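Dear colleague,

I am handing over the structure below, and after it you will find my notes on a few of its parts. Please keep it open while you read.

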Amino acid sequence: MASAPHPLDPHHDGSPLYVSHTRPELGDVLRLRVRVPHTADGSVGATTVVLRAVRDGEPAVSRAELAATDDAGTWWEVDLRLVNRLTSYRFLVSRGPTDYRWLNATGVHAGDVTDGGDFRISTEARLPEWVPDQVGYQVFPDRFARTETGAPVPDWAIACEWDQPVVHKGPDVPFQWYGGTLDGVADHLDHLDGLGATLLYLTPVFEAWSTHRYDAVSFDRVDPLLGGDEALERLAKAVHEHGLRLMGDLTTNHTGDHHDWFLKALDDPDADERAFYRFGDDYAHGYAAWLDIPSLPKLDHHSAELARRLYAGADSVVAHWLRRGLDGWRVDVANMTGRLGGDDLAHAVAHAIRRTFDEVSPDAWLLAEHGHDATADLTGPGWHGTMDYAGFTRPVWCWLNGGSPDGDGLPHGLDYLGLPVDIPVLPASAAVATMRDVHGSVPWTSWQGSTTHLDSHDTPRFRTVTGGGTDGGPDLAGHGRDRHLVGLGLQMTMPGVPVVFMGDELGLTAVDGEHARTPFPWDHLDRWDEPTLDAYRRWIALRRDHVALRRGGLRWLQAGDDSMTFLREHPEETLLVHAVRRTAPAVELPLHALGPDPRLQALVGADAVSAGSVLTLPGEPGVSIHVVG
């Protein structure tokens, strides 16, 4: 395991300050840079830096050259030719025979390490250029805003008034129908503009037998309850007129049991669609189903005809809706797609979708839902990134939850993202160790192409996690507000694309994902937590105003119990972020750790104070986050 972050650690990452090419191709020669701060007494931090890269399966070493020296440290540079589609590398950093340190993507190690934490560069990642600049806004269409569609209410639906409480336990959960529509979303795009969001992410819109719509009955038509195909086209047009992007949500792992394909497969054993699923007495329901839920039969990706219809080629579902206005797809249950028993076709499916993107819409973004370790799925020509539950959501929850010191006590019964335990209370050092371990296992471009979430439609609300209440309404008293806004600050200042779930900006609470799908309270402005809404506007504006927050590298300076500090570095600027979860002693750092001539003006929170060679960061007034630059 890497040592805890130290402000004078050597540093490298995949950002433009440290790597010369952001979209490399095979055969390119990249210029790599390593920053080595001077020691505390002003001595040089390294006399030797060596690049160790894996080439055709064999390590190849090259000495880096000392390129520059300033009052803060030294810059070392070395060339790396990309001869493989995926190249892993790390650096040996040394001051002499008794100093032996490996610098890899997870940090600094005082001994030999495996290749598992190496920096990685993929020539196949090809993240669309526009993605790192986005701030997403997630909408659950049935619960955002109503209009009249004239569509008949299906027998399965339980019609609800807009202010009627959400049922989040029991058999009625998927059938509560509030009547939100895509035209309703279009009518409220000014709300996204006011927040500063740049991308709208819709959960599924295909016709289904539930309001979550992950049980599609067809991928060829938008649900008439949402307004049908024409409503999606109107929304796409409106989104683009507002200067926003639009992302859809597709399930490649399963369909609903009322899907056209599944009904044909049941009706005719000789139908082409029969091969789209797995049937047999070995399965509890006579067919394979996602998590053995009978309403969600699992797709069998051995079928070439399924691939042709769903995701492979210009005539597929994936291609059709890209042509109809989508700028990308979020793929539901991507981690289980193509995986069943002894079969693993997940990468084949992901690669085929990317080939379809390249053919039909090469600038589109392909995002995977993956709630766990996605390392093995993010190194090839498949998903651009994943929903970063593992590297962002989980560690932030563990550091800022309502059971933290000075908290109001953790609400019992919360789902810790699938684990049957209360959300643990961990120090910043543990949270940062998780972040470094997760992000150090994937290429930099995959981290940039992933999304960061404080919560989503599948989780408790973050405001409940931070102690704001459990009733599903807004936390107007602000019990969880301060910690919520520290989490927001981290979301808006870390790499990846931040995505806000509708209503988070109002301070809404919820104890699980179904509870979180509360209808948006447009007619009850008195239920909007204005300090939280104002904070969302300010933090999003800060991210959009500073290229270092969108495209810069991340260099950790320190992580203790109650505070964490990092730099976002870009050739145009460097910003320091210091987050505190409770009143704690001030943090002192060597000033030269920030680089030569650092700017110490507060952009958010308090100024950093320097006295001689020491930089002091505040531990007061308690729960807070500061950005300096």
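Leaving aside its neighbours within four places in sequence, which residues is Arg-555 in contact with? Before the reply, please note that this is a predicted model, in which local features need pLDDT of at least 70 and side-chain atom pairs count only at pLDDT 80 or more, while totals for chains, interfaces and linings use all residues. Residues are numbered from 1 along each chain as its sequence is written, and side-chain values use heavy atoms, with hydrogens and water left out.

With those neighbours set aside, Arg-555 is in contact (heavy atoms within 4.5 Å) with Pro-7, His-11, Tyr-18, Pro-37, Phe-566, Leu-567, Glu-569, Ala-593 and Leu-594. This residue lies in strand E22, residues 553–559, where strands (E, at least two residues) and helices (H or I, at least four) are DSSP runs numbered from the N terminus. Arg-555 has a relative accessible area of 4% and is therefore buried, a term that means under 20%, with exposed over 50% and partly exposed in between, for a 1.4 Å probe and protein chains only.

Turning to the sheets, there is an open one of three strands in the order E1-E5-E4, with antiparallel pairing; two strands pair if DSSP finds at least two bridges between them. Its edge strands are E1 (29–37) and E4 (65–69), each of which pairs on one side only. E1 and E5 (residues 73–81) are joined in the antiparallel sense over nine bridges, and the bridge partner of Arg-33 in E5 is Glu-77.

Strand E13 (residues 199–202) pairs in the parallel sense with E10 (residues 136–139) over four bridges, and it also pairs in the parallel sense with E14 (residues 245–251), over three bridges. Tyr-201 of E13 is the bridge partner of Gln-138, and in E14 the bridge partner of Tyr-201 is Met-247. From E13, Leu-199 and Tyr-201 point one way and Leu-200 and Leu-202 the other way, and all are buried.

Finally, helices H8 (residues 389–400) and H12 (residues 481–493) pack at an angle of about 150 degrees, their axes 11 Å apart; axes are lines fitted to C-alpha atoms, for helices over the stretch in contact, and angles run from 0 to 180 degrees between N-to-C directions. H8 and H12 are therefore roughly antiparallel to each other, since angles over 145 degrees count as such, under 35 as roughly parallel, 65 to 115 as roughly perpendicular and the rest as oblique. The contact is made by Phe-392, Val-396, Trp-399 and Leu-400 of H8 and by Arg-483, Val-486, Gly-487, Leu-490 and Gln-491 of H12.
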